[in-house]
Amino acid sequence: MPPPSDIVKVAIEWPGANAQLIEIDQKKPLSSIIREVCDGWSLSGSEQFALRYADGPQLYITEQSRSEIKNGTILRLAISPARAARQLLDRIQSHGIDARLEALKELAKLSADPTFATEFINMEGIGTLARLVESGTHFGEMLAFTLTAFLELMDHGIVSWDLISLSFIKQIAGYVNQPMVDVSILQRSLAILESMVLNSHSLYHRVAQEITIGQLIGHLQVSNQEIQTYAIALINALFLKAPEDRRQEEHTNPLDQQLTEMASTLAQKHLRSIILNHVIRGNRPIKAEMAHQLYVLQVLTFNLLEERMMTKMDPSDQAQRDIIFELRRIAFDGENDPSGTEKRKAMYTKDYKMLGFTNHVNPAMDFTQTPPGMLALDNMLYLAKLHQDTYIRIVLENSSREDKHECPFGRCAIELTRMLCEILQVGELPNEGCNDYHPMFFTHDRAWEEFFCVCIQLLNKTWKEMRATAEDFNKVMQVVREQITRALAMKPSSLDQLKGKLRGLSYSEILRLRQSERMSQDDFQSPPIIELRERIQPEILELIKQQRLNRLCEGSCFRKLGNRRRQEKFWFCRLSLNHKVLHYGDLDESPQGEVPFELLTDKIPVSDIKSVVTGKDCPHMKEKSALKQNKEVLELAFSILYDPDENLNFVAPNKYEYCIWTDGLCALLGREMGSDLTRSDLDTLISMEMKLRLLDLENITIPEAPPPVPKEPSTYNFTYNYG
């Protein structure tokens, strides 16, 4: 008979004594259990002791966390958090250097525990650590442990960052600005400054006064990718938290990129070229966190375009209208304008029509929709001034075509700008966990405008290949969107590579790809084919189910959500080979290959699983769903709800793993697999199977109905002679 659910069998250790094997009654107070354990070793003063996990992070066990104790767990009797905090606080202020170093080392480890952190902070421990840093008397390992403990304690969110003094900020900034400083100290100093900027509006100004981009750029030129990552993370934080009144500045010249004060500084210091040469094109592979920070920087850079994208053109603003006049002048060389007002107006209307504007009389009205607003006009002027030959060729080439086949440059440029804003998500905040950066955007100071110039030439080429007319405008734009997204998915490393990828994605190639990726609807709508598909589908679904369960048996590594992404913690989960138990456990680092069942200490019987929930229904997502930056995490989250009222929370590393695990868990519970991946796999496998079965029927017309059954013979008196 299985033991009651509120009884947990554990081992408890104490230095120098044999371990106690006891049964913990979860209904009894924790203090009573600790008293019994102390009595077993004849220890007095049980209120001075507490229980901790012996493995992993070795966290203290509280009344709130005791429900997480599993059968077979090894615990350790230790001094209570309050007593440990008091002893460490006294030791870090002692005169002995060796004793102080050991105390700080232990403090750095214990500070990750929220129970200990609460006690230590209540004893004014944060202030003590801050004063040790401000004194400037700590160096090397001692300073590194001090900064580690400080950062861990602050990350619990118990104390506001606004309480940090200016002298502390100056001291931390000094470590970043020093030319030669220990790597561990530099890492922690950069992380502390990043947390200050992200968590306090007032500290942003103080940090911005102490740290210059030039000093941070120096840290990007080192060989240590961890330091590079922390430096870019701090740059991103300064970029993201810049006050609104400094984020966007109006420029009279529309060709000037709308840059923040921060972005202007970045441009002056050649940040882009340094990142390109020392990070992206460095000798080391880009790690996941570096890829994320590069993605964030890319998003924040493109977001500088948001104000122009959302700014409508004012038709009465002469300076803005002069830009349109300039586009006309460059295209048609308007020096020989007729003298009469009426003649000039008629000529302008004709020219604006040739330029492809929808409103020939007042083309300024074409730029009153947002997005793309004035951003489209900026792109057009950049093309006209910086790529004048290309601009003139596109305009004149189309103005000389037959009316029905001309490609309207103005309308196309406006719609293309809107499309590029959607593809690159201009105006959206970075998604947590996303690593989708494009190296080519770091190869040019005006990457956005150059990207537009490449794409407008693609659009003109595709228009000609499709022999399109004005009625085909939306169809052409759909093809161009597909060409651009397919090319970006190949991650070209430069704009020249992008051009090469786009050349290979001609209209005919897009048609071929579409044909190969989906079955022709005309060929597979007849009743016999539909019936064959219905017969094949259960076999294919069973095949997909087995594949999903096999993947669950192999297992996957998941990332634990924490306050700081860079200090990642991992755990692994896999299904037993008999499909009856889910095994899981914490890992120190991301594994290379399969993790043995022996290393996964926790397990859940599949029979105990009640349901699988996803997205905002997950317990660990309910408090995070309102945050825009957690949108992607929300899309990758799922949870297992199991008896009695427990849950196991997941955040998949990518969409593929999310689909694999949600499908596999649904299959275990006998429910329908409904992920996008299942639908895609089902279509692909059914298509392949049907094509194989119909291979011998090529060029044979399949009848709509089965052939009629012949009439019965008049007599059955017939034989077949095998002779």
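Which backbone oxygen lies 2.7 Å from a polar atom of the side chain of His156? I looked it up: the oxygen belongs to Ser111. I count a polar contact as a pair of N or O atoms within 3.5 Å; within protein, one must be able to donate a hydrogen and the other to accept it, and residues adjacent in sequence count only if both atoms are side-chain atoms.

**Ground rules**

I am working on a predicted model, where local features need pLDDT of at least 70 and side-chain atom pairs count only at pLDDT 80 or more, while totals for chains, interfaces and linings use all residues. I number residues from 1 along each chain as its sequence is written, and side-chain values use heavy atoms, with hydrogens and water left out.

**His156, continued**

I find His156 in the loop between helix 6 (140-155) and helix 7 (166-177). For helices I take DSSP runs of H or I with at least four residues, for strands runs of E with at least two, numbered from the N terminus. His156 comes out partly exposed, at 26% relative accessible area. My cut-offs are under 20% relative accessible area for buried, over 50% for exposed, and partly exposed in between, with a 1.4 Å probe and protein chains only. I also checked Ala117, which is 39 residues from His156 in sequence but 7.8 Å away in space, C-alpha to C-alpha.

**Overall look**

I get 29 helices and eleven strands for the protein. Of its 723 residues, 47% are buried. I then took contacts, meaning heavy atoms within 4.5 Å. Among those between residues at least 6 apart in sequence, 67% join residues at least 24 apart.

**Confidence**

I checked pLDDT, the predictor's confidence in each residue, from 0 to 100. The protein averages 86, and 90% of the residues score at least 70. Residues 245-260 stay under 50, and the model has 43 contacts for them beyond four places in sequence. Residues 624-629 are also below 50, with twelve contacts beyond near neighbours in sequence. I note for myself that where pLDDT is low, the predicted coordinates should not be read in detail.

**Thr443**

I placed Thr443 in the loop between helix 21 (409-423) and helix 22 (447-466). A polar atom of its side chain lies 2.6 Å from the backbone oxygen of Met440. Leaving out residues up to four places away in sequence, I see Thr443 touching Arg272, Leu276, Arg281, Ser493, Ser494 and Leu495.

**Cysteines**

I searched the whole structure for disulfides, meaning pairs of cysteine sulfur atoms within 2.5 Å, and found zero.

**Rings**

I paired rings of Phe, Tyr and Trp (its six-membered ring) if their centres lie within 6.5 Å; planes under 30 degrees apart count as stacked, over 60 as edge-to-face and the rest as tilted. That gave me 24 aromatic pairs in the whole structure. One of them is Trp571 with Tyr584, edge-to-face at 6.1 Å centre to centre and 80 degrees between the planes. Trp571 is in strand 6 (residues 569-575) and Tyr584 in strand 7 (residues 581-587), so the pair ties together parts 13 residues apart in sequence. Both residues are buried. I traced a cluster linked by ring pairs, with Phe558, Trp571, Tyr584, Phe638, Phe650, Tyr658 and Trp661 in it.

Next I looked for charges over rings, counted if NZ of Lys or CZ of Arg is within 6 Å of the ring centre and within 35 degrees of the ring normal. The charged end of Arg411 sits over the ring of Phe473, 3.7 Å from its centre, and that of Arg574 sits over Phe597 at 3.8 Å.

Most residues other than glycine have a negative phi, and most peptide bonds are trans. I found a cis bond joining Thr370 and Pro371, with omega about -20 degrees. The bond from Pro371 to Pro372 is cis too, with omega near 15 degrees. Pro371 is in the loop between helix 18 (341-354) and helix 19 (374-386), and I find Pro372 in the loop between helix 18 and helix 19.

Glu124 has a positive phi of about 60 degrees. I have Glu124 in the loop between helix 4 (114-122) and helix 5 (125-135), exposed at 57% relative accessibility. His579 also has a positive phi, near 65 degrees. I place His579 in the loop between strand 6 and strand 7, partly exposed at 25%.
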